Amino acid sequence: MKERSLQSIPRNPSKAKPPFKFLGKYVQPQDLAKTGKLLIVSAVLLSAGFLVGRGHQATDTNSEAAAPIPTKKVNVLPVSTVKVEAVGSYQTAQSYTGSVTALRSSEVGFELRGKIVAIAVDEGDTVKAGQTIAQLDTITLEAQRQGLVAQKDQAQAVLAELKNGARTEQVASAQARVRDLQQQLELEKIRNSRREYLYQQGAIAQEQLDEVAFNRQALQERLQDAQGILAELENGTRIERVTAQQAAIDILIANIRELDIQIDKSTLKSPFDGVISSRNFDEGTVVEAGSSVVRLVESDRLEAKIGVPVTVIPAIAIDSQQEVLINGSQYSATVNSILPEIDPNTRTRTVILTLDPPASRQVSPGEMARITFTQTNDTDGYWLPITALVKEERGLWSCYGVVTDKGGERMTTDNPNSHRVERKLVEILETDGERVLVKGTLREGDVIIADGTQRLVPGQLVSY
């Protein structure tokens, strides 16, 4: 049995630790202890070096603080400015639009039903008042008129006879008949006397006596009738018959007049000077009463109808002269009337203006018309160029003013007249073309940068 040396036998085998990996190598625990001591020494040396470095850095910092601060040179932006002036009121010009219409326009048609036999105009033709436009067939009406004229002539002849009375021959014939009947009546009276005597003597019978008496009575009545006719012929026609005959003639005259009116209305004439805007029928068409044959538009006089807010109406006077813009040209017009009712759609009242005659030769109905009214508003504010405004957040606006106090860090410039930019909040009251009326943190005499605000920031130096 071999004997082992004491150095190779572990003192406490149960407490021996296996090697493990450290920094990529397998080491024994006792070797790791040696390595740890080395690491601790290295860390102490690094800390000492760091403290020494900090000490030198602190020394350098104190040296810089003690040295003077160098000045910084900046550029000064040239800008254009305006000096604001306070105003107590301003005027606004508001335009309102409408349309040009003809003073008169008509759908011209016949009052009667009939067949069109002629149309004398076409679309675009200019016509004068009373000029013939179209004609209906009047053959039937003219035939009826001729019949009525003949009846009137006949009735007038009868009336003339009644007024002139009976002719001499008729009166003489009536007188002769009266005398004849008187003689016959005298003869019957004689015969009646004789028969009464014979009857009393018993020579004749009662029947014969009665026969003579009857004949006498008949002759008496015939004589009265003849005498009445004679009196009528001698006295002339009664006024009642003359009046009745005259009334019959008047009726015929009225009927003839009615036909004349119908014949006259069968000719369609222009009611006023104008231009034929449209033609709706041709020859040979049977049209109903009231149908529009042509549309006639008056060309000499035009008017503009423009809706204006109720608040503006008090500033408009009847018969006042206004300027109306039509198709890029200004025309003079006279306020003719203002309609009393408010348009339910636009909530405006209509102002009617009559255009002066020169406009009728250059303006056509249907064109757009524009009128501008100037109003004075009592409001305090300041006018600024619209280019001076700067849009802020939440819909706010501002502008840039210049102040003489530079403040802040020391700066050197090549321009001794430099000024610092300052933001001023404003509220827009009115816009008028290239300028705006504002109020806000402005004062009388403030100098405001007029344009180029996109290059500026508050505190920047500028010159003007």
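Visitor: Is tyrosine 96 buried or exposed?
Guide: This is a predicted model. Buried means under 20% relative accessible area. Tyrosine 96 has 12% relative accessibility, so the residue counts as buried.

Visitor: Which kind of pair do the rings of tyrosine 96 and phenylalanine 373 form?
Guide: Phenylalanine 373 is buried too, at a relative accessible area of 8%. The ring centres of tyrosine 96 and phenylalanine 373 lie 6.2 Å apart. Planes under 30 degrees apart count as stacked and over 60 as edge-to-face. Here the planes stand at 40 degrees, so the pair is tilted.

Visitor: How far apart in sequence are the parts that tyrosine 96 and phenylalanine 373 tie together?
Guide: Tyrosine 96 belongs to strand S7. Phenylalanine 373 belongs to strand S20, residues 368-377. The pair therefore ties together parts separated in sequence by 277 residues.

Visitor: Which strands make up the closed barrel?
Guide: The barrel has six strands with antiparallel pairing. From one strand to the next, the twist averages 40 degrees. The order is S7-S16-S19-S18-S17-S20.

Visitor: What is the bridge partner of valine 324 in S18?
Guide: Strand S17 covers residues 321-326 and strand S18 residues 329-342. They pair in the antiparallel sense over six bridges. Valine 324 has its bridge partner in S18, and that partner is tyrosine 331.

Visitor: Which residue lies over the face of tryptophan 383, and at what distance from the ring centre?
Guide: Tryptophan 383 is buried. A charge sits over a ring if CZ of Arg is within 6 Å of the ring centre and within 35 degrees of the ring normal. The residue over this face is arginine 435, at 3.7 Å.

Notes. Residues are numbered from 1 along each chain as its sequence is written. This is a predicted model: local features need pLDDT of at least 70, side-chain atom pairs count only at pLDDT 80 or more; totals for chains, interfaces and linings use all residues. Side-chain values use heavy atoms; hydrogens and water are left out. Buried means under 20% relative accessible area, exposed over 50%, partly exposed in between (1.4 Å probe, protein chains only). Rings of Phe, Tyr and Trp (its six-membered ring) pair if their centres lie within 6.5 Å; planes under 30 degrees apart count as stacked, over 60 as edge-to-face and the rest as tilted. Helices (H or I, at least four residues) and strands (E, at least two) are DSSP runs, numbered from the N terminus. Two strands pair if DSSP finds at least two bridges between them. Axes are lines fitted to C-alpha atoms, for helices over the stretch in contact, and angles run from 0 to 180 degrees between N-to-C directions.
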